[in-house]
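User: I have a model to go through with you. Let us take the strands, then the charged pairs.

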Amino acid sequence: MKFEKQLVLAMVVLALFGCDNRSFALDAAGYKDVTTLGVIPNGEREMTLELQKALNEGNKRLYFPPGKYLLGTVSIPSDVSLSFDKGAAVTPNVPSLKEKRLFVLAGDNIDISGPEFLFPKVGDREMGPTEINAIIYGTDIKNVKIRGVRVFRTEKNFAGSNGRLDVLYFKKCQNIDVADCESNYVNALVRVYSSYYIKVRNCRGTYSNHITLAEDGSEWLLHEGNWSDHVLHQCQWWGGDSDARKKNISQKETSYLMVRDVKPGDSKFVVNSAGAYDIQVLGNYAQYGMTLGWGSKGRNVLISNNVARYMKDMAYDSEGGENVVITNNIAIDAKFFGIGTYFWGNNILIANNYILIDGEGPEEYRGNFIRMHSPSDLKLFGNGHVLIANNLCVSKLRQPRGIILEAGRDITITGNKLVNGRIRMNDKSTEVVITNNEILNDLSPAFAAIAASAGTRELIIRNNVIRRTSEEGNAVAEQAAISGVLGMEGTRIIEQNLIKGWKYAVWTGPANNGSGKCLIRNNTIEGDFLKEEGVDSNRMFGDGNLDLRTGKSVEFRLTTDLERQKAPPIKDENADVGDNALLPGNQPLGNVQNR
């Protein structure tokens with residue numbers, strides 16, 4: 001910070017007193033003009049040796065005036081500050097690049113500010129990862145500050161068989177501070193591997209894979225105030241693969257295991273249990289990407305105060321995460337879901353978010369609200385200790401959108417408002433509490449507001465307000481407001497709910513030979529209670545339920561053959577919740593786990 005202030009003072013002096021005082025001003029700030037050290041910015045003659053000589057001779061603070069600098073690989077030692085004026089641009093000279101890197105940071109305490117990097121044609125294409133993989137690279141260093149780096153490319157040849165083009169790539173580094181940078185058509189603006197204390201703030205990215213990518217045991221990442229357009233995953237953390245179905249994951253327990261402080265190179269290091277720790281994704285904006293914030297095997301993750309529009313997967317997603325908080329975000333028109341947690345998860349809070357399916361943008365961006373996804377085995381999959389609270393979920397479409405529960409362990413849904421929405425679960429949702437929600441629907445198609453499954457072991461539905469303000473048409477039993485309440489095992493309690501406007505208030509679901517019991521009491525309803533033929537009366541108990549229309553108590557009656565017909569499918573786009581469901585677009589472009 002001291003040197004930044006000195007340079008600002010120097011620039012003020014230059015502005016006030018003109019170029020004749022340049023040497024005086026730079027000297028006052030402790031900077032030397034590289035052109036006085038033999039570095040010629042004409043863009044034609046390579047200046048690698050001249051710049052390297054200036055650095056090797058101990059010049060710690062160098063100022064680059066406007067011009068074009070043709071450079072090969074330059075090694076930057078400790079305690080160096082490089083300041084590029086507006087109009088100072090660097091072009092990599094391919095024959096002089098070593099290991100496809102341009103600036104190699106070889107020590108601690110390095111500041112770089114203001115450079116623009118140019119990418120000329122190589123044959124009939126723009127320079128890309130065939131020639132260069134990292135513009136600024138560092139390994140095993142600390143205390144690096146990068147400001148105002150600009151990379152403007154024009155071709156999408158930034159990732160392929162020849163590797164990827166990253167602007168900043170740090171391996172096993174500490175205390176990296178990046179701000180006010182801008183890039184397009186790159187793999188990542190900032191890529192860190194097994195590093196910690198990383199800040200990426202107020203950067204812009206377009207037509208790229210990432211602004212920030214943190215991999216394999218990286219810790220303490222702050223990704224804040226960034227903006228992106230057509231960036232695949234604006235911020236991604238990768239601590240290993242949490243999908244234990246894959247053949248390449250030999251140790252299946254790594255789907256939920258994270259081992260902190262075991263780093264690459266350690267004998268006990270396992271790539272899929274490396275984890276990524278203490279992640280903050282705050283106050284960012286993204287449009288037309290895949291996700292704004294997404295990661296696998298993250299522990300202690302906070303995603304807050306972001307805005308995402310038109311995401312081709314989900315706006316915000318955690319896979320195999322633990323201690324994850326997703327709060328106070330806006331998600332508008334995601335293709336699949338506004339928010340999701342995939343495969344395995346534990347201690348998940350999703351609260352105070354606004355998820356809107358607006359329907360005014362491209363038709364492909366019309367997914368659902370929230371998804372607790374998991375394909376199968378609860379020992380390796382499923383989300384547990386989940387609280388979904390106080391979210392506003394609104395669909396402006398003519399079909400409902402939903403909160404979808406799969407393979408969940410201990411999920412509570414409370415205090416949410418769903419407009420033209422529903423809650424549904426499959427057989428792997430084991431313990432679910434749905435309480436104090438408001439579900440309001442003004443759609444003409446009939447559908448269940450809460451659709452349970454026979455395999456859900458413990459279910460409590462209490463104190464919800466379920467209202468319909470439009471006619472249902474020809475509804476059938478499974479489209480009751482609360483549907484499928486009789487489980488194979490465990491206990492279901494349906495109590496103190498207000499159900500208004502539905503033709504059928506509650507339906508037992510098909511008869512089954514399980515031992516589950518259901519208590520339905522003290523509900524205030526409009527609509528009938530329907531029971532399937534063959535349902536054991538010793539497993540269904542009703543008491544104190546009041547019909548708003550008549551003021552009388554409500555008893556179950558048998559469904560008719562007409563009411564027992566199968567309901568037509570709802571056009572619930574991209575919401576497959578089958579046992580082996582895996583939405584596309586959830587793997588990092590270029591297999592980020594393969595280095």
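User: How many bridges join strand β18 (residues 166–171) to β21?

Analyst: This is a predicted model. β18 and β21 run parallel. D166 stands opposite A188 in β21. The number of bridges joining the two strands is five.

User: In β23, which residue is the bridge partner of Y193?

Analyst: β21 pairs with strand β23 (residues 204–215) in the parallel sense, over five bridges. In β23, the bridge partner of Y193 is E215.

User: How many of the residues of strand β21 (residues 188–193) are buried?

Analyst: Buried means under 20% relative accessible area. Strand β21 is mostly covered. Its buried residues number six of six.

User: Is T341 buried or exposed?

Analyst: T341 sits in strand β33 (residues 337–351). Leaving out residues up to four places away in sequence, T341 touches D317, S318, I348, I350, R371, M372, H373 and N383. Its relative accessible area is 1%, so T341 is buried.

User: Where is D180, the residue with a positive phi although it is not a glycine?

Analyst: Phi of D180 is about 60°. At 47% relative accessibility, D180 counts as partly exposed. Its place is the loop between β19 (174–179) and β20 (182–184).

User: In which strand is H230 found?

Analyst: H230 is a residue other than glycine, yet its phi is positive, near 55°. Its relative accessibility is 32%, so H230 counts as partly exposed. The strand that holds H230 is β25 (residues 227–238).

User: How many residues apart in sequence are the parts that R150 and E116 tie together?

Analyst: R150 forms a salt bridge with E116, with the closest N and O atoms 3.6 Å apart. R150 lies in strand β15 (residues 150–152) and E116 in strand β10 (residues 116–117), so the pair ties together parts whose separation in sequence is 34 residues.

User: What is the N to O distance in the salt bridge of E431 and R457?

Analyst: E431 is partly exposed at 24% relative accessible area. R457 also counts as partly exposed, at 30%. The side chains meet in a salt bridge with an N to O distance of 2.4 Å.

User: Which residue forms a salt bridge with E438?

Analyst: E438 counts as partly exposed, at 21% relative accessibility. The closest N and O atoms of the salt bridge are 2.8 Å apart. The partner of E438 is R467.

User: How many salt bridges does a search of the whole structure find?

Analyst: D528, D547, R549, R557 and E563 are linked in a network of salt bridges. For the whole structure, the search finds 30.

Methods
Residues numbered from 1 in each chain as written. Predicted model: local features only at pLDDT ≥ 70, side-chain atom pairs only at ≥ 80, totals over all residues. Heavy atoms only, no water. Helix = DSSP H or I, 4+ residues; strand = E, 2+ residues; numbered from the N terminus. Buried < 20%, exposed > 50% of the residue type's maximum accessible area, 1.4 Å probe, protein only. Pairing = 2+ DSSP bridges. Contact = heavy atoms within 4.5 Å. Salt bridge = Lys/Arg side-chain N within 4 Å of Asp/Glu carboxyl O.
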